[in-house]
Amino acid sequence: MKKSIVLAALFCGTLPLLAQSTAEQTLKEIYKSSLTKAKCYPWLDHLSNNIGSRLSASPGAEKAVLYTKAQLETLGVDKVYLQEVMVPKWVRGEKEVGYLQLGKQKITFPICALGGSVATPKSGLNASVIEVKSLEELTALGEAKVKGKIVFFNRPMNPEFVETFKAYSGCVDQRSSGAREAGKLGALAVIVRSMNLRMDDLPHTGATNYGDISKDQRIPAAAISTNGAELLSKSLQSNPNATFYLKQSCQTFDDVLSYNVVAEMTGTEHPERIMVVGGHLDSWDLGDGSHDDGAGCVQSMEVLNIFKNIGYKPKNTLRVVLFMNEENGVRGGKEYENQSAKKGENHIFALESDAGGFSPRGFSIDGDEANFNQIKNWNSLFEPYLIHKFVKGSSGVDIGPLQSKKIVKVGLQPDSQRYFDHHHASNDTFDAVNKRELELGAAAMASLLYLVDQNGIVTQ
């Protein structure tokens, strides 16, 4: 009878009393280690302030690979190695120039090239501007009204959404696809309102995607700050014939060899079952990538440090992966899955941190109903640490490609209200990260990994 009760409790996601008590004690040790012995904050300090931005194929990315590999080796884990991956090389070039010409008056705007954009002619380009709110509005205008002009995409993030990632996803298509769609209609360039809820003077970069359109249809794409977008819109309303001057000198080169950084603690009971935790080591080039995603990388590294400090040896193999090239290609995540498939590896669980180093609030779970319920039913263990959000949803871009017979994928969900103030902008810097919030995120990640390692995933 007792055996049946224990099995039933495990299947429905709750824990018998003895296991509950052990789990509570272990989580206390995990949090104590993270809040008193953590290395994640000084690791991030070095990544941000000694290395700086880490755009794929840049010197900063190369230095970050070597630094994180060396730091992981100091933790005494079973394996630390580099996994080769070819990544795109895009260089921003000289500082971009953008201004509106109103007769003899010139109004300069804070702009930056979008990642992957082509350059303007060396002398720049100058054209009238047409403002739209969506890709659909652009298509409705047609080639006759778009050809030879600069298209200004000015759809803001919706402030009514408390879930800021929902607001982001509601307008990011103008950044990712705007240049492609405008280029098909003969536009000369696009200017895109920054993905930012705050009104400020910082343009936010991010990738633009030309897809399979011909090279002669690929047009320059730039981001404009939120304040700049408001001013440009008002200026165009009163001066519809004004022209905008844009100059940027970005270039795309041949792909370059880079690496995912991998560290592994071999499982004591099921070494063939793999749990992954990670973030992306690359960043955009405007700031130093402290929130996006230096925080996620050092938190993942900290999981190993926590387990070492508390003497915990996982039953399943635990693998930390610092992925390269999430920002403009996801080459690292795709190559990791490619190599895993070739080896026939069995991943049962993957956890990603790529939403900033702010206070953790919970987890977004990509799994079937049984595994979602198992994780959600551990909520009482997390309540003392103010973790309360257990929702179904996407996990992360880099672990997205992972495929196994049965795998559960989870994304750490920090408080997101300030995230897009910094996302892809020059103020994504170390001073914007709070030490304690960063450590709490690492502890939440280690706690969930411990519980999955102890209880497994539901396979039936």
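Asn-427 sits in the loop between helix H14 (419–422) and H15. Helices here are DSSP runs of H or I with at least four residues, strands are E runs of at least two, and both are numbered from the N terminus. Asn-427 is buried, with a relative accessible area of 16%. Buried means under 20% relative accessible area, exposed means over 50%, and partly exposed lies in between (1.4 Å probe, protein chains only).

This is a predicted model, where local features need pLDDT of at least 70 and side-chain atom pairs count only at pLDDT 80 or more, while totals for chains, interfaces and linings use all residues. Residues are numbered from 1 along each chain as its sequence is written, and side-chain values use heavy atoms, with hydrogens and water left out.

**Around Asn-427**

- Leaving aside neighbours within four places in sequence, Asn-427 is in contact with Arg-198, Leu-202, Asp-421, His-422 and Ala-432. Contact means heavy atoms within 4.5 Å.

**Cavities**

- The count comes to two cavities of 30 Å³ or more. A cavity is a set of points, on a 1 Å grid over the protein atoms alone, where a 1.4 Å probe fits but cannot get out.
- The largest cavity has a volume of about 70 Å³. Grid points are joined across faces, edges and corners, and a volume is the space filled by probe spheres set on the points.
- A lining residue has an atom within 4 Å of a point.
- The peptide bond from Asp-292 to Asp-293 is cis, with omega near 5°.
- Asp-293 belongs to helix H10 (residues 290–310).

**Nonpolar cores**

- The largest nonpolar core has 70 residues. Such a core is a set of buried Ala, Val, Leu, Ile, Met, Phe, Trp, Tyr and Cys residues joined through side-chain atoms within 4.5 Å.
- Phe-307, Phe-349 and Phe-363 have the most contacts inside this core.
- Helix H15 (residues 435–455) gives the largest share of the core, 10 residues.
- Another core, of 29 residues, lies apart from the largest one. Among its members are Leu-114, Val-132, Val-146 and Tyr-419.
- In soluble globular proteins, nonpolar side chains tend to be buried together.

**Strand pairing**

- Strand E2 (residues 97–102) pairs with strand E9 (residues 243–247) in the antiparallel sense over five bridges. Two strands pair if DSSP finds at least two bridges between them.
- E2 also pairs with strand E3 (residues 105–108), again antiparallel, over four bridges.
- Gln-101 stands opposite Thr-243 in E9 and opposite Lys-106 in E3.
- E2 and E3 form a hairpin with two residues between them. Gly-103 in the turn has a positive phi of about 65°.

**Cysteines**

- The structure holds zero disulfides. A disulfide is a pair of cysteine sulfur atoms within 2.5 Å.
- Cys-112 is buried at 2% relative accessible area. Cys-250 is buried at 4%.

**Loops and backbone**

- Ala-57 has a positive phi of about 75° although it is not a glycine. Ala-57 lies in the loop between helix H3 (40–51) and helix H4 (59–73), and is buried with a relative accessible area of 18%.
- Val-330, also not a glycine, has a positive phi near 55°. Val-330 lies in the loop between strand E12 (316–323) and helix H11 (331–343), and counts as buried at 16% relative accessibility.
- Gly-186 is in the loop between helix H8 (173–184) and strand E7 (189–193). At 24% relative accessibility, Gly-186 counts as partly exposed.
- Not counting residues up to four places away in sequence, Gly-186 touches Val-146, Lys-147 and Gly-148.
- The C-alpha atoms of Gly-186 and Asp-216 are separated by 9.6 Å, and the two residues are 30 residues apart along the chain.

Conventions:
1 Å grid on protein atoms, 1.4 Å probe; cavity = no way out; pocket = protein on both sides within 12 Å on 5 of 7 lines; lining within 4 Å.
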